[in-house]
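Reader: Hello! I am new to reading protein models. Could you take me closely through a single part of this one?

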Amino acid sequence: MNAAQSFKACVEQFAPQFVGQAQQDAQEFMAYLLDGLHEDVNRAKKHPAQSEATDVDLGAAARREWAVHKARHDSRVVDLFHGQLDSALRCRQCQRESHRFEPFVFLSLPVPSKYQRSFEVVVVPTLSRGVAGTATLYGVKVVKAGTVADLVRELSAVCGLPPATLQVAEVRAHRIWNVLPAAKPLQELAESDVLYAFEVAPQPTALAPSPVGALGGPPPAPPAAGPPPPPPSGAAGPRPPHQKPQLPADVQVLHRVVTTTTTDGEAAPQPQRAPVPSLTGCPFVYSFAGAKEVTNAQLGAGLARLVDPFTAAAAPAPAPTGRPYVLRVVNKQGTACGNCPAAKKCAGCRVPDDGEPLELNARCAIAVDWDIPAGPEELHPVLAALNQAPSEHEASLEVSREEEKIALGDCLQSYTREELLGEDNMWHCPQCDAKQPAATQTQVWRFPEYLVVHLKRFPPVMRSWRDKLDMFVDFPLEWDLSEYERSHEQAASGPHYQLYAVVNHSEETGVAHYTAHTRDAGDRWVRSPHAYLLSYRRI
């Protein structure tokens, strides 16, 4: 450690940007070091200019450009670490090619964009499987640059529910916190976000958010003060006072705990102000399946099908329905009534078991208030059932939890693949004497004695450490690159390399760390998913 600190202190004398403990890039440090060593021992005196190669014999053009490079840069650093790239530009109209040969020190390889991200989602069915407590945890892999719509499609494939019936949301503190729109980028979701998918009735637009909106979000802002604006020409006037609000497409259903009896059946002592019932269990979404009107009794019967399986071990309750719970209209947070003004301090208006139309608006939720005997809540069988962990779909979870691996060869293939230039970046072809659509391709003409591979794990614009491409890149200990070298002039056997050092980049809570692994006398290695720089020597 002392030797490393002394070496860094020596470099800091010439490169003040590396002074102190600020986070620096290891590749930039190594590039500065090699360039500085080269400049100090450079034997070249002439500096001829490089040119574009138009020779029919590319080998002759490459040798000429390499000689020009050696005339400008002649040192042991160049002998050991410099290779040569062939950058080609091809006219897609007449097929004319233009080649430019350039030296390189680092082979900076992109991590292919086919990488995926794993998600674990709790699916809560209500329409197809009958019980609101039969939640199942599924695992899916989705393209990291995808959207919630992509997540829904992958989830549908493993859970069997149509994509149009899955509503993805975040659940916090036993309530739906936020419904995720289909177009939301997955990169905006944190690794710690707990995702749920609730089964709902299909909406007219597939994967569109429910008209209920963000079930757990704040209520809409009140209208501005002053008289309401006049209705537009031909529009209906103000709604008559007796007209009921339009029934939403679906509603969030919360479980709440209220203690109204003791274990011997006697009424529990009531405080001067009744406490707000506490939320418990997993919420779910109840769909009205496009009905324009639903009676209170119909709501009670529909929810009974989903909730009654939890009542098997519950003691009889004094509720008129004979069930140990009552239904109440509450706000989406489950903290107060959804109809009464806040000054009334109502915990929720009870939904009667009658044939009157249900009065519910998009700002309301339904609370299932459970009558739980006084005592330790964790010992009550109903509470145990409500808070039971979801079952696990082992097959999908096993696939999603597999560590994604990308071979180092995939990175090199992505680097050397031909790319088509867009219409806004056309090339003025000298043979066509006009701007034409073109294709570009970079290949390695000659490999150096010591090859340093730089994995481009950081996008050009990083919003957070979450954007780092941290998938596992499987790098070989010995690497035959014969198929990737264009020249074949240096050795009959082709470039064959052996790994001798790895620099890793890892981070915790936003603080980055660099560690290094080298081949020891026992030829042992420690593999790491954080490989950033790979150093190979030709054998």
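Author: Happy to; let's look at a helix. The buried residues of α3 pack against α4 (76-81), β1 (83-91), β2 (97-104) and β19 (438-446). Helices (H or I, at least four residues) and strands (E, at least two) are DSSP runs, numbered from the N terminus. Buried means under 20% relative accessible area, exposed over 50%, and partly exposed in between (1.4 Å probe, protein chains only).

Before going further, a word on the source: this is a predicted model, where local features need pLDDT of at least 70 and side-chain atom pairs count only at pLDDT 80 or more, while totals for chains, interfaces and linings use all residues. Residues are numbered from 1 along each chain as its sequence is written, and side-chain values use heavy atoms, with hydrogens and water left out. As for pLDDT, the predictor's confidence in each residue from 0 to 100, the protein averages 79, and 75% of the residues score at least 70.

Back to α3, which covers residues 58-72. Its 15 residues reach 21 Å from first C-alpha to last, close to the 21 Å expected at 1.5 Å a residue (the expected span is 1.5 Å times one less than the number of residues). Which residues of α3 are buried? They are L58, G59, A61, A62, E65, W66, V68 and H69.

Terms used:
Contact = heavy atoms within 4.5 Å.
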